[in-house]
Amino acid sequence: GIDELVIPTPSLDPADFVDRIDNPWLPLAAGTEWMYRRTIDDDGGLITVTVLDETREVQGVTATVVLESIADERGRTIDDTTAWFAQDDVGNVWRLGEEGSWEAGVDGAEAGLAMPARPRVGDGFRQEYAEGVAEDRSEVLSLDGSASVPWNDLTGLLETEDSSPLEPGVVKRTLYARDVGLVRQQTVSGGDELVELLSFMQR
């Protein structure tokens, strides 16, 4: 675990959570929107991530709702995903579920850690847990990464390596910028997908 946390956790205590998500590596304030360019094999498209001005109660915790929309190169929406996040009073951001897929506390699913309050090189954690459905894992590789993406040239980035036993051999490298969030993700093994930040807007 990280800082004596149980990850994933079978139960949540609403008293441990706050009504905002201001972790500098994963800030999720209502109205914030990220747009990404997505390339996979020979195809392209866009991913738009929006923090909605609405909440969802999960195991008694008031969760922030985040919508991810994937569009093809012609701008046609091909997938919409709604996920739920909440931050504890220490600053850790938890992933509590995904609409139509899994929900913490239902059918054995457990909340995972989306972002630690104080990431350290070598930290490893499960982002989510629903057996056979959602089993993503992350390990912190660096706190001084860099990237050049369409939005900006960035340094001092948090870099993680992400994988899942449900996708053997698939490994992704993800970069986060402080006070922005995810800026780049590339599949480095088992695939050919690249996601890069195009724009970032806050309310």
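Me: Where does Asp43 lie?

Reply: Asp43 lies in strand 3, residues 43-58, where strands are DSSP runs of E with at least two residues, numbered from the N terminus. This is a predicted model, in which local features need pLDDT of at least 70, side-chain atom pairs count only at pLDDT 80 or more, and totals for chains, interfaces and linings use all residues. Residues are numbered from 1 along each chain as its sequence is written, and side-chain values use heavy atoms, with hydrogens and water left out.

Me: OK, and how many aromatic pairs does the structure hold?

Reply: There are 2 aromatic pairs, a pair being rings of Phe, Tyr or Trp (its six-membered ring) with centres within 6.5 Å, called stacked if the planes are under 30 degrees apart, edge-to-face if over 60 and tilted for the rest. The rings of Trp151 and Phe200 have centres 5.9 Å apart and planes at 85 degrees, so this pair is edge-to-face.

Me: Which parts does that pair tie together?

Reply: Trp151 is in the loop between strand 11 (137-149) and strand 12 (152-163) while Phe200 is in strand 15 (residues 193-201), so the pair links parts 49 residues apart in sequence.

Me: Is Phe200 buried or exposed?

Reply: Phe200 counts as buried at 15% relative accessibility, whereas Trp151, at 28%, counts as partly exposed; buried means under 20% relative accessible area, exposed over 50% and partly exposed in between, with a 1.4 Å probe and protein chains only.

Me: Which residues form the aromatic cluster?

Reply: Trp34, Trp151 and Phe200 form one aromatic cluster.

Me: Switching topic, how far apart are Asp16 and Gly44 in space?

Reply: Asp16 and Gly44 are 41 Å apart, C-alpha to C-alpha, and 28 residues apart in sequence; Asp16 sits in the segment before strand 1 (17-18).

Methods
Helix = DSSP H or I, 4+ residues; strand = E, 2+ residues; numbered from the N terminus.
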